[in-house]
Amino acid sequence: MLFNALRLLGHCVWRDGWRMHEQLRRCEQPGEAPKSNKAPKSKKAPKSKKGGTVSEKKKKLSKIERLKQQQEEEEKRMQEEEEARLKAEQEAAERFERQQIEKRKWEALVEKDLQRRTDELEELYLLEKCFPEAEKWRKEVRVLSKWDHYIECYGTPDPSVAPEMNTFISLWKEKRNEDINAVMKESKLVLNLIEKLELILLDTPPHELTDEQVAQYQGSILELRELLHFKFNEATETLLKEASSLGDTDSGNMETIIKDENITLYIWANLKKNPKYKKIKFGDTQVGFEIPKALATSDIAFRIFHTNYDHFSPLPVIQRPEKPTTIETIIEDSAEKETPKEEAVPEAGAEEATENRELVTSSVTTTEIRTEEASVNFTKSTTSLKEEAEAKKEETETKPLKPESISVGPMATLPEKSIPDAITEAVIDEDVVDLRGFTPLGGIYHLNILQLPPQCKQVKGWTIVELISGGLQAFMYPPDIADDVSETENPYPPIEVMIEINKNVVFFEKPMVARWDSEGKGWRTDGFVSLYYNMKERIVSFSVESVYPITLIQDNHIHMPYESWELRPLCLNEAVLNITTTFTDIDIQIKDNQCMLAAVELGDDYELSHLLGKWMTITSLIIAMKQTGFNIFPSEYSHVYVAVNNKDPLVEMKAYRQMALLASAFSFSWSKWNKQSGPEKVVFKASELLQKEYVEDNEWSLYMFNGERAQKLKINELSEAFSEELEDDTEFHSTLYHMIKDFTSEDALQKIRHSNYLFIDAVCKLLLSTRVLTYS
């Protein structure tokens, strides 16, 4: 083909040359160009204004010269085209040669990776046995705690034992006329029992709980909630019966504050019915109210009962396995799927089957990984997951995986429902608070207008009290308005209420105020008049036409997505996870199997002694941080409310597990390229950190991981564009652990080998709970 092109080009050159030769020959023949005998007259060049002359114009080229010039230009153009063609052919050949070299190099790397893949996956399989060991340890702790409770005879019921709980509830119901101090003392025990039951439901792997047990624990929680509120009402009635003896010397009315770490009770009894006292402020606090004249002259008491707990919002749904599949069946199915791979699979005897069972149930907090997929992932020691990942890719994107048999802690789940389903099920009424996107914070303010009970009378050393049936009665306000009431004037104006936000909770934005709808069993934001916020003084005031339980609502996802994150080792079996959000900077320290909130950037106007510097389990820490306002833990519906960096849940989970194995010696951090790597890959920075406190910017390296292949990238954070090109003189591995191990010093390897399995499990739990690779 090239030869034909050259022949055609030569023919064209010969033809053009022949034509030009003929034209020159004709021009040289006599008569073609008549010559004149007269010499041309010379003309003087015109002078310029400054006395100079303008240069003579060039004579026009003759036809022969013009043709010669065209021929020279054509020959030059042809020569340049030929040189360009030869250069392009040379560059193409060189590029092809480079591609062949790179292809051979890549094939060599692939071949090398395949040769050591079995050994790497077997080693990783052995290392990840720390996760079932940690789950086994937690199970033993649960059993031992029940035994310790039994033999030490604390005198308190075991919340997991139904007969003991029923006996406790029945005995407390039978007690009558308890004063407020006795109820407050007993309430501490009740709240402790409720907390234990909630932890059992959150901490125990779902496959270890039967439906009957879940129903029993949730039923006990609801019954304890109801009984506790009933007892506080009884204690309030007992207190109001003695209101006349507790009257203020100035106003003659009773005004008192009763407080402990769980509740604060503000009570005002209108003994004198003087309309002069309509605006009440309790002591040195910013809590108070202003009632209309109709109430100021009535026989009433006004109560603001603030609880630091929320016993109105519904209990969280406990995910249950959809299929009655046993762990043994799952492992057998997984083994059958792996048989055609013809790769070395560890022999599974009775002992190893038990380990596999524990491995399946160990490492993710209510994680969003389907039982089958999780078990395949944990029991595979030598087989690639690529085929399965591709087969499940579409399903993963449209229907996120569900938690079934894996449990590590609360709210650490990958999305359970797809976005369309969640939006379809969203609350239609815009005044109803969607508890998947918002949450009550700072406790509940119970507002009550009560009928003042008959007062005690002292007669000859006897205390006489008129007993009325029905207990504490609510005062109806506003009453049913008669037909003859003037439409222009409302005789029952709204009640103004002022509440003070506790310093042990943090609102990063102006909160919503919501009231409890007893009929709809939910929180609503309507029914408020003249809302006023003073966030500096931590005061919220509003007017209501009637009284309800009131709470403050904050966005669950106010801290999401995160701006950055970094997991940094401190010493052996100790690390700190730093998460920077739009509003604050949070440090969570991990030591062995416990965590604590080590530092948070806030002002001095908060009292967080109940949380800062307190070691606790990860589950307890998550609950405490969310109740304080530091919600950095995505829920199963968070992907609906946050613009997330979608990642394959299986890849994400595997990355967290292997990062945890290296957490004693390596620091990990976020990368801006993670967003551009696609859902099947995760990209992050990593660097060995032993002696120094922080990693310098130029010491970070970028790694990419897709679940079955890890590689070190040539780009850095300052590169102009994302590229998957390998770093020079590097290889790729089947696991992230072995990829990073290539750049690990001997001292760092010693630390990694001596890491405690409880510490590794705790790091993995925390990463799964925060999901930093998706929500940053």
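Reader: What places arginine 85 and glutamate 89 about one turn of the helix apart?

Author: Both residues lie in helix α2, and four residues separate arginine 85 from glutamate 89. Helix α2 covers residues 63-127; the helix is a DSSP run of H or I of at least four residues, a strand being a run of E of at least two, and both are numbered from the N terminus. This is a predicted model, in which local features need pLDDT of at least 70 and side-chain atom pairs count only at pLDDT 80 or more, while totals for chains, interfaces and linings use all residues. Residues are numbered from 1 along each chain as its sequence is written, and side-chain values use heavy atoms, with hydrogens and water left out.

Reader: Why is the meeting of the side chains of arginine 85 and glutamate 89 called a salt bridge?

Author: The term requires a side-chain nitrogen of Lys or Arg within 4 Å of a carboxyl oxygen of Asp or Glu. The N to O distance between arginine 85 and glutamate 89 is 2.8 Å, so the pair meets that limit. Side chains of opposite charge can pair when their charged atoms come close. By this rule the count comes to 31 salt bridges.

Reader: Why does glutamate 89 count as partly exposed?

Author: Buried means under 20% relative accessible area and exposed means over 50%, with partly exposed in between, using a 1.4 Å probe and protein chains only. Glutamate 89 has a relative accessibility of 37%, and therefore counts as partly exposed.

Reader: Are glutamate 135 and arginine 138 buried or exposed?

Author: Both of them are buried. Their closest N and O atoms are 2.6 Å apart in a salt bridge, and because glutamate 135 and arginine 138 are three residues apart in helix α3 (residues 130-152), about one helical turn separates them. The two residues also belong to a network of salt bridges that links Glu135, Arg138, Arg142, Glu208, Asp761 and Lys765.

Reader: How many aromatic pairs does a search of the whole structure find?

Author: The search finds 16 aromatic pairs. Phenylalanine 232 and phenylalanine 305 form one of them, with 4.9 Å centre to centre and 50° between the planes. Rings of Phe, Tyr and Trp (its six-membered ring) pair if their centres lie within 6.5 Å, and planes under 30 degrees apart count as stacked, over 60 as edge-to-face and the rest as tilted, so this pair is tilted. Phenylalanine 232 lies in helix α6 (residues 211-241) and phenylalanine 305 in strand β5 (residues 300-307), so the pair ties together parts that are 73 residues apart in sequence. Phenylalanine 232 is buried at 2% relative accessibility, as is phenylalanine 305 at 1%.

Reader: What makes the pair of phenylalanine 312 and tryptophan 516 tilted?

Author: The ring centres of phenylalanine 312 and tryptophan 516 are 5.2 Å apart and their planes stand at 45°, so the pair is tilted. Phenylalanine 312 is in the loop between β5 and α8 (327-338) and tryptophan 516 is in strand β10 (residues 512-517), 204 residues apart, and the pair thus links distant parts of the chain. Phenylalanine 312 is partly exposed at 25%, whereas tryptophan 516 is buried at 9%.

Reader: Why does leucine 295 count as buried?

Author: Leucine 295 has 0% relative accessibility, and therefore counts as buried. Leucine 295 is placed in helix α7 (residues 293-296). With residues up to four places away in sequence left out, leucine 295 touches Asn270, Ile300, Ile449, Phe475, Tyr477 and Ile495, where contact means heavy atoms within 4.5 Å. Asparagine 270 is 25 residues away from leucine 295 in sequence and 9.0 Å away in space, C-alpha to C-alpha.
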